[in-house]
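Colleague: Let's take this model term by term. I will ask what stands behind each word.

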Amino acid sequence: MTAIKIYNTLAREKQTFVPMQPGKVRMYVCGMTVYDYCHLGHARVMVVFDMVQRWLRASGFDVTYVRNITDIDDKIIKRAVENGESISQLTQRFIEAMDQDAAALGVQKPDHEPRATNYVPQMLSLIEKLEHNGLAYQAPDGDVNYSVRDFPGYGKLSGKSLDDLRAGERVELNTGKRDPLDFVLWKAAKESEPDEVKWDSRWGKGRPGWHIECSAMSCDLLGEQFDIHGGGEDLQFPHHENEIAQSEGAHRHTFVNYWMHNGFIRVDNEKMSKSLGNFFTIRDVLKKYDPEVVRFFILRAHYRSPLNYSDAHLDDAKHALTRLYTALKEVTPDSAALDREEAHAVRFVEAMNDDFNTPIAIAVLFDLANEANKTKSAALARQLKELGGMIGLLQRVPQEFLQAGPAAQGAYDETAIAERIAARAAAKKAKNFAEADRIRAELLANGIVLEDKPGGVTEWRRA
């Protein structure tokens, strides 16, 4: 088998992947800040790194996959105040919504999903090490900041010099800092805001800065050095740059061996984001498109490439995925195991091992579908289904996909919804949690949101 090659953002080239421990992979991905519903940009992060961890496991690696949840942040605090609800109520609500969206898209749960608020002691310990190493200081305003110019490697991930960064628009101005480039590790509580969320520390009451959260969580769960760190392209600077400065500044050795960043989703050549107001929530898109179509749309582009969103592109993805499922409907796969020596499988593996090249891998699936149709070969149909499954596609009964499609809200009447809820309850009782998640995802795709209550009661509402 060919070796896996990964484009390492830090090295700016593809490199042969060699894990620190043979046969084991430790991977951390920056997750969501839970103050609103996830949009398609978040969907891309979830689907891309779900694909990566699936392929690593399919390649024989024992993977420990961590994707964090940021549940304390300025935006979260602001939204909770606006809504008149507690921070925990707000974050729990949107964590549940995120889980629903992820399940609908076929995203497997990470091995660990740490919440920042559970790791404050580890963050404080890390800040103490930075202070001891001369890289952190307390400013007159009470904040504890990172001294960027005292860390020689700052800028190596983004490729920016300190002078470039100093002149950049992203520089945060704060009179309490020794240098405008310095970033906050610990935000001092303000006397003017007595209800502010805060923890005790040796520097006084306060709360952690955003960047220190990921350094502390990844170190605690994966160790001071690990194999892969991933996230969206927008996190490369300043978030990931600051993670490197914190982690390497505290531990004085390499933090991460391979850095991976997925490209943006764009609308009219602009990055999709809440700040630009051009974003589409996952659940809004799922009202119009089957979740697997959305997953297929994301995977049909290379993870590092920009991905242009439009209904026309999703319509095209739907037609393409329909062709693959039609092939599986016309030719029933046999029950034999995947033949890894078969020509299509060899090409598929070569594509995936070349920096997770899903566009070429999916092209192989279409070649398989065409040949299976022409030859009526059950063995080729099996290859199609098994290879598709390695990246989370083509695992449904073909008729189910071909007849499903998202329905308009209201197409599921109360009787039909009750039947699906009962089927889900039966699946959970039988410990068939994959089927239970699939039914939840099916209902969500049709605008029905389930909410599990204490006592085993499940309520529903239209999204």
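Modeller: Start with strand β11 (residues 265–267) and β13, which run parallel and are joined by two bridges. R266 has N308 of β13 as its bridge partner. This is a predicted model: local features need pLDDT of at least 70, side-chain atom pairs count only at pLDDT 80 or more, and totals for chains, interfaces and linings use all residues. Residues are numbered from 1 along each chain as its sequence is written, and side-chain values use heavy atoms, with hydrogens and water left out.

Colleague: What makes β11 and β13 a pair?

Modeller: Strands pair if DSSP finds at least two bridges between them. Two bridges join β11 to β13, so they pair. The strands themselves are DSSP runs of E, at least two residues; helices are runs of H or I, at least four; both are numbered from the N terminus.

Colleague: Which sheet holds β11?

Modeller: An open one of three strands, ordered β12-β11-β13, with mixed pairing. β12 (270–271) and β13 (307–308) are its edge strands, each pairing on one side only.

Colleague: What is the order of the open sheet of four strands?

Modeller: β5-β6-β7-β8, paired antiparallel. The edges are β5 (136–138) and β8 (206–208), each of which pairs on one side only. From one strand to the next, the twist averages 25 degrees. Three bridges link β5 to β6 (residues 144–146). Q138 has V144 in β6 as its bridge partner.

Colleague: How do you know how α9 and α10 lie to each other?

Modeller: Take the angle between their axes. Axes are lines fitted to C-alpha atoms, for helices over the stretch in contact, and angles run from 0 to 180 degrees between N-to-C directions. The axes of α9 (residues 291–299) and α10 (residues 311–330) cross at roughly 105 degrees and come within 9 Å. Under 35 degrees counts as roughly parallel, over 145 as roughly antiparallel, 65 to 115 as roughly perpendicular, and the rest as oblique. Therefore α9 and α10 are roughly perpendicular. Residues in contact (heavy atoms within 4.5 Å) include V293 and F297 of α9, and L314 and L321 of α10.

Colleague: How do you know that the span of α15 fits a helix?

Modeller: Expected span is 1.5 Å times one less than the number of residues. For the 16 residues of α15 (residues 414–429) that should give 22 Å, and the end C-alpha atoms are 22 Å apart, so the two agree.

Colleague: Which residues of α15 are buried?

Modeller: I417, I421, R424 and A427. Buried means under 20% relative accessible area, exposed over 50%, and partly exposed in between (1.4 Å probe, protein chains only). Down the α15 axis, the buried residues fall within an arc of 120 degrees, so they line one face. That arc is of the directions from the helix axis to the C-beta atoms. An α-helix has 3.6 residues a turn, so residues three or four places apart point the same way. T415, E419 and K429, on the other side of α15, are exposed.

Colleague: Which residues of β1 are on its covered face?

Modeller: I6 and N8; K5 and Y7 are on the uncovered face of β1 (residues 5–8). In a regular strand, side chains alternate between the two faces of the sheet.

Colleague: What do β1 and β2 form?

Modeller: A hairpin, with four residues between the strands. They run antiparallel, joined by four bridges. R12 in the turn has a positive phi of about 60 degrees.
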